[in-house]
Amino acid sequence: QVQLVESGGGLVQPGGSLILSCAASGSIFTAYTMAWYRQAPEKQRELVADITSSGQTNYADSVRGRFTISRDNDKNTIYLQMNSLKPEDTAVYYCNADIRRLGVSNHYNYWGQGTQVTVSS
């Protein structure tokens, strides 16, 4: 079994900052690309940022320059530093990871349960 657990969401004023964390646990052999997605009310889930196991990153145009994704491979954990937050960043943020489990040859995609981020004055 693999679990992704997000933390760090909350309410923040426009222009503020938050840090999200996502820890993958369980019988993990290797965590490949890990990512943050978000879903606002009545909108489709969208990619925010992703990071490969070697540290290559990719960002949505809407967050580039404001958000930073990073990872700790020893802890199978990723982070999302969010600065200069805007009301339109309000959404449920989901962690996603491509993981190969111990004793399994294929890798599978996993989702966390999501954490709410609300940007409002």
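**Entry 1: the model.** I am working with a predicted model, and I kept that in mind throughout.

**Entry 2: the disulfide.** I began with the cysteines. How many disulfides does the structure hold? I found one. Cys22 and Cys95 are its partners, with 2.0 Å from S to S. I then looked up the torsion about the S-S bond: at -80°, the link of Cys22 and Cys95 is left-handed. Next I checked where the two cysteines sit. Cys22 belongs to strand E3 (residues 18–26) and Cys95 to strand E9 (residues 91–101), so the bond ties together parts that are 73 residues apart in sequence. Buried or exposed? Cys22 has 0% relative accessibility and counts as buried. Cys95 is buried too, with a relative accessible area of 0%.

**Entry 3: a sheet with E3 in it.** I followed E3 into an open sheet of four strands, which runs in the order E1-E3-E8-E7 with antiparallel pairing. Which strands form the edges? They are E1 (2–7) and E7 (67–72), each of which pairs on one side only. From one strand to the next, the twist averages 15°. I took a further look at E7: with E8 (residues 77–82) this strand makes six bridges in the antiparallel sense. Phe67 stands opposite Met82 in E8.

**Entry 4: salt bridges.** I counted four salt bridges, and I noted several pairs.

- Glu46 and Arg38 meet through their side chains at 2.7 Å, N to O. Glu46 is partly exposed at 36% relative accessible area, whereas Arg38 is buried at 6%.
- Asp61 bridges to Arg64, with the closest N and O atoms 2.6 Å apart. Asp61 is exposed, at 66% relative accessible area; Arg64, at 46%, counts as partly exposed.
- Asp89 and Arg66 form a salt bridge at 2.8 Å, N to O. This pair links distant parts of the chain: Asp89 is in the loop between E8 and E9, and Arg66 in the loop between strand E6 (57–59) and E7, 23 residues apart. I found Asp89 buried, with a relative accessible area of 0%, and Arg66 buried at 12%.

**Entry 5: the network.** Which residues are linked in a network of salt bridges? I wrote down Arg38, Glu46, Arg66 and Asp89. Of these, Arg66 counts as buried because its relative accessible area of 12% falls under the 20% cut-off.

Definitions and conventions. Residues are numbered from 1 along each chain as its sequence is written. This is a predicted model: local features need pLDDT of at least 70, side-chain atom pairs count only at pLDDT 80 or more; totals for chains, interfaces and linings use all residues. Side-chain values use heavy atoms; hydrogens and water are left out. A disulfide is a pair of cysteine sulfur atoms within 2.5 Å. Buried means under 20% relative accessible area, exposed over 50%, partly exposed in between (1.4 Å probe, protein chains only). Two strands pair if DSSP finds at least two bridges between them. Axes are lines fitted to C-alpha atoms, for helices over the stretch in contact, and angles run from 0 to 180 degrees between N-to-C directions.
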